[in-house]
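I opened this notebook to record what I looked up, entry by entry.

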Amino acid sequence: MEKIIIEGGARLNGTVKISGAKNAALPILLSSILTDKENKINNVPNLKDVDTTCQLLKGAGVKVERSGDGQVIVDASRINNTEAPYDLVRTMRASVMVLGPLLARLGKAKVSLPGGCAIGARPINLHLKGFEALGANIKLEHGYVVAEAKRLKGNRIYFDIVTVTGTENIMMAGVLAEGKTIIENAAREPEVVNLANTLNSMGASIKGAGTDIIEINGVSRLNGGEHTVIPDRIETGTFMVAAAITGGDVEIVNCIPEYIEPVIIKLTEAGMKIDTGKDFIRVKANGKIKSVDIKTSPYPAFPTDMQAQFMSLMSISEGMSVITETVFENRFMHVAELRRMGANIKVEGNTAVIRGVPKLSAAPLMATDLRASASLILAGLAAEGETVVSRVYHLDRGYEAIEKKLSSLGAKIRRVK
Ligand code: EPZ
């Protein structure tokens, strides 16, 4: 089991380059199942979840070639298996996005129901309801979703709750369905737009991605092409908080500031000096950290995936901050660990009240989920003494070489076996 050890106190300075977005790369890689032509995907981050997705594709008979520079070439011309096994889906819930492409391309799919996860039950009922609306026959057998459809037929689908992968799953099914599919109350995340643009460059006909109404006119087949994954807005936000929490001055390049606007606004309110350009954000700490309140909601609001990281910053702010998590029902797993570092946090339901303390003190910590582990790393950067974070495999799912990037900014951080 690997651990990450941090000697806190160093102010971060310098420039860091953002990698491709995990939550865009995963659906784009899986969308290659929709065609028998070759697709080249650039700026794919080197992450555990990308490894798992490539494993899933290979298991289905898709040819996958990964070059070292972030390009993945996929060719699903000889796809021969329509099953996503439990051990893969268990390690990565996003595997459920293989359902839409398999149903659309081959008319059948057998995908393990994802188990729950640390941050919530995370059901996929809305995905399945969408597939049934498109004419698929869905059965649940022995923990598996067994889906069949001779030919998917377009329909109007309304999502009671905004679901990112639900929107992406139905979008991928709709591109080859007969007729028109309309998704209402669709997710508006930039990763949904990146997927739609990719599918359109493969010959699909999708309008409205990025708004809450997406219209898909089914086509008979898709071509291949070359595509690029957008920068990771959550990695961007994480490094912005790293600069703020250490009192540093960091330039974050290869990012898209507008995709992380709520974090820019909230860090400015917290007292940071922030300059932005077309593809960079500079965060300069400015003395003390003011307490600000945040409430997470679907894009374009403050992202739930930045809630834990922001809570670390608020732990050493001057005053009281209220953080409300409206997307997941159990996304405060980091609170207990931050408390062990001396943070003063009270949780009532989906609201956390943080009273800032002057300093956190280093402690041995346990990561529980991807973004919680990032928040513990951030807290360790600011804490007095040596922090040891274990179960860092959570971190490797969504951050490419985070300790290398942080140490290039001056952090005293290392990974040990
Ligand atoms: C995506 O997960 C992201 N993952 C998550 O990022 C992110 O936290 C989440 O969207 C919210 O932004 C990927 O894109 C691979 P949802 P997803 O469906 O699609 C409920 C990370 O850290 N819901 O938008 O699984 C659900 O329980 C990960 O990178 C249903 O009830 O999230 C949740 O409360 C973590 N039924 C809410 O909707 C459904 O059928 C939003 O979930 C689907 C979802």
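Entry 1, charged pairs. I count a salt bridge where a side-chain nitrogen of Lys or Arg lies within 4 Å of a carboxyl oxygen of Asp or Glu. The model I am reading is predicted. By this rule I get 22 salt bridges.

I looked up Arg415 and Glu403, whose side chains form a salt bridge at 2.9 Å, N to O. Arg415 sits in strand E24 and Glu403 in helix H14 (residues 402-408), so this pair ties together parts 12 residues apart in sequence. Glu403 is buried, at a relative accessible area of 9%. I noted that salt bridges with shared partners join Glu2, Asp396, Glu403, Arg415 and Lys417 into one network.

Arg415 also meets Asp396 in a salt bridge, 2.8 Å from N to O. I find Asp396 in helix H13 (residues 393-396) and Arg415 in strand E24 (residues 412-416), 19 residues apart, so I logged this pair as a link between distant parts of the chain. Arg415 is partly exposed at 25% relative accessible area, and Asp396 is partly exposed at 21%.

Glu178 and Arg151 meet through their side chains in a salt bridge of 3.6 Å, N to O. Which parts does this pair tie together? Glu178 is in the loop between helix H6 (164-174) and strand E11 (180-184), while Arg151 is in the loop between strand E9 (144-148) and strand E10 (156-158), so the joined parts are 27 residues apart in sequence. I have Glu178 as partly exposed, at 39% relative accessibility. Arg151 is partly exposed too, at 43%.

Entry 3, cavities. I count 3 cavities of 30 Å³ or more. The largest cavity holds about 40 Å³ of space. Its lining consists of Ala21, Lys22, Asn23, Glu191, Asp232, Arg233, Ile234, Asp305 and Arg371. Helix H1 (22-30) and helix H8 (233-245) are the elements that give two or more residues to this lining. By class I get 2 nonpolar, 1 polar and 6 charged residues in the lining.

H8 has 13 residues and reaches 18 Å from its first C-alpha to its last, close to the 18 Å expected. Is H8 enclosed or open? I find 13 of its 13 residues buried, so H8 is largely enclosed by the rest of the structure. Asp232 caps the N-terminal end of H8, with a side-chain oxygen 2.8 Å from the backbone nitrogen of Ile234. Just after H8, I noted that Gly247 takes a positive phi of about 70 degrees.

Definitions and conventions
Residues numbered from 1 in each chain as written. Predicted model: local features only at pLDDT ≥ 70, side-chain atom pairs only at ≥ 80, totals over all residues. Heavy atoms only, no water. 1 Å grid on protein atoms, 1.4 Å probe; cavity = no way out; pocket = protein on both sides within 12 Å on 5 of 7 lines; lining within 4 Å. Points joined across faces, edges and corners; volume = space filled by probe spheres on them. Helix = DSSP H or I, 4+ residues; strand = E, 2+ residues; numbered from the N terminus. Nonpolar A, V, L, I, M, F, W, Y, C, P; charged D, E, K, R; others polar. Expected span 1.5 Å × (residues − 1). Buried < 20%, exposed > 50% of the residue type's maximum accessible area, 1.4 Å probe, protein only. Polar contact = N/O pair within 3.5 Å; in protein donor to acceptor, adjacent residues only side chain to side chain.
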